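Dear colleague,

I am handing over the structure below, and my notes on it follow. Please read them with the coordinates open.

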Amino acid sequence: MKRKQEKIDFRVFSRTVWGTKKKYYIRFLFCGKAFLTRATDAPTAAKAGAIAAKIMASEDLEALAKAKEQKKVAGLDEIDRLAELPVIEFLRLFWDPSRSPYLQDMAAAGRPLSGSYIRDNARNANTYWAIPPLDTLAMQDLKLKHIDSRIRSMRQKGKSRYTISAAIDCIRTPCSWLTSRGVMEKIDFSAIVLPKAAVKERGILAIEELDRIVRLEVVGPWQDSNLKTHISVRPRNRMPGGEKNEGMAPVGWREKLIILLLAYTGARVGEARALMWKNIDFEKGLIRLEVNYTDTDGLKEPKAKSRRTVPIAATLEPFLLEARRVAQEIGTANPDGFVLLNATDPTRPIAMTTVKRAWERVLRAIGISYEQQKARNLVIHGLRHLYATRLVDAGLTPIEAAKLTGHRVIATLGRYSDHTQPETLRKSREILDNIKS
């Protein structure tokens, strides 16, 4: 017979599930503090209480409560030890997935942080915080004055707002994590003065420039002497004496396809790289953007609530059909095959270096030099801005456009679509000129 558990008590409470049905729970307490909650299938509170009594009679809940308390104390002892580490050592541990209790807890809770985010914070910690006195100062003794001094030094050296924000971000979460556990004084990061943001409007291509890309002649797959098909651009012949080939290297079909795919779907680069043939429905004329790809994490969930379906533009369709024909020829047209193929390993998506090279090559091929790209601030992400701008200019409401671009916040879409195209100016001029007085 189990000994009497005088320090154990319980409470019954209910929650409404599925709109109307009540579900009863038992919360067990040890010396007045909750340590265990169990769900029941009891139809009433009284029957849930009867179940609680049986559990107390058959299980040593007091031992369980004490074990949990000891584990909690041991965990607090470990937190104290971490708080005593020098600042830079703690930051290195905090952003190391193999050692960080924070990253491990997030992963265990089903909310893992992206590998690229972790990598960037680990790098920034070493870049900006591995300095005296933070190489010897205990984390628990870190104060606003230490962080502010470092940021002031960065401002004086002309570091950008983006760089300084990155430096702050990699130390803010570790500080908050220790503060919430009561081993470190709270730091008010809002007191830190950031440099003025250098606002530079992101440029987008004009419609006629996009049309030139559509009409751009490219080189397709080729076969070597062994009749093996290659999807990359055929290397140009070596010139004697180390001389360079004249003119630009030809643009490959994959390079043109990635640019058109981004321009006519508004996909993020990672979403386009992750696109598989099972995501394209030629019969219904739809593309499902539901996965992301990064070199650090591989295939992963896209940004929150950004899964979406977009139409296949008539301009884009023939290029996708040609890509599928090539995939069928080399045996990668299966549902899980990537639309944008990797030249060295067809089981992986197109390399990020190929995507970056594609942007520069395609723009040069239509007459936009590298210097003009810089002056106009033309970056590949600007194709999303172009897509959003065209949707809004065509008459879609911001809410309708956001469903196609995958923006949760309408204000963010506004920044993307807030470009005035020459075509818009021309149309407005025609409207004004046709107004009868």
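How many helices and how many strands are there in the chain? The model, which is a predicted one, has 17 helices and 10 strands in its chain. Of the 437 residues in the chain, buried residues make up 40%, and the accessible surface comes to about 25400 Å², with 52% of it belonging to carbon and sulfur atoms. When contacts between residues at least 6 apart in sequence are considered, 61% of them join residues at least 24 apart.

I looked at two helix pairs, beginning with the one that involves helix α3, residues 87-94. Because 6 of its 8 residues are buried, α3 is largely enclosed by the rest of the structure; the buried residues are V87, I88, F90, L91, L93 and F94. The axis of α3 comes within 10 Å of the axis of helix α7 (residues 161-179), and the two cross at roughly 95°, which makes α3 roughly perpendicular to α7, since angles of 65 to 115 degrees are classed in that way. On the α3 side the contact involves V87, F90, L91 and F94, which meet C170, I171, T173, P174, W177 and L178 of α7. By residue type, this contact of α3 with α7 consists of 9 nonpolar residues and 1 polar residue, with no charged residue.

The second pair is helix α9 (residues 253-265) with helix α11 (residues 317-330), whose axes also come within 10 Å, crossing at roughly 135°. That angle makes α9 oblique to α11, and the crossing in which α9 passes α11 is left-handed. From α9 the contact draws on W253, K256, L257, L260 and L261, while α11 contributes F319, L320, A323 and V326. The residues of this contact of α9 with α11 comprise 8 nonpolar and 1 charged, with no polar residue among them.

L29 lies in strand β2, which covers residues 21-30, and L29 counts as buried because its relative accessibility is 13%, where the cut-off is under 20%. Although L29 and K7 are 22 residues apart along the chain, their C-alpha atoms are separated by 8.0 Å. Leaving aside its neighbours within four places in sequence, L29 is in contact with K7, I8, D9, F10 and R11 on one stretch of numbering, and with A34 and F35 on another.

With best regards

Technical notes. Residues numbered from 1 in each chain as written. Predicted model: local features only at pLDDT ≥ 70, side-chain atom pairs only at ≥ 80, totals over all residues. Heavy atoms only, no water. Axes fitted to C-alpha atoms, helices over the stretch in contact; angles between N-to-C directions. Helix = DSSP H or I, 4+ residues; strand = E, 2+ residues; numbered from the N terminus. Parallel < 35°, antiparallel > 145°, perpendicular 65-115°, else oblique. Left-handed = near helix turned anticlockwise from the far one by under 90°. Contact = heavy atoms within 4.5 Å. Nonpolar A, V, L, I, M, F, W, Y, C, P; charged D, E, K, R; others polar. Buried < 20%, exposed > 50% of the residue type's maximum accessible area, 1.4 Å probe, protein only. Areas by Shrake-Rupley, 256 points an atom, 1.4 Å probe, with all protein chains shown as cover.
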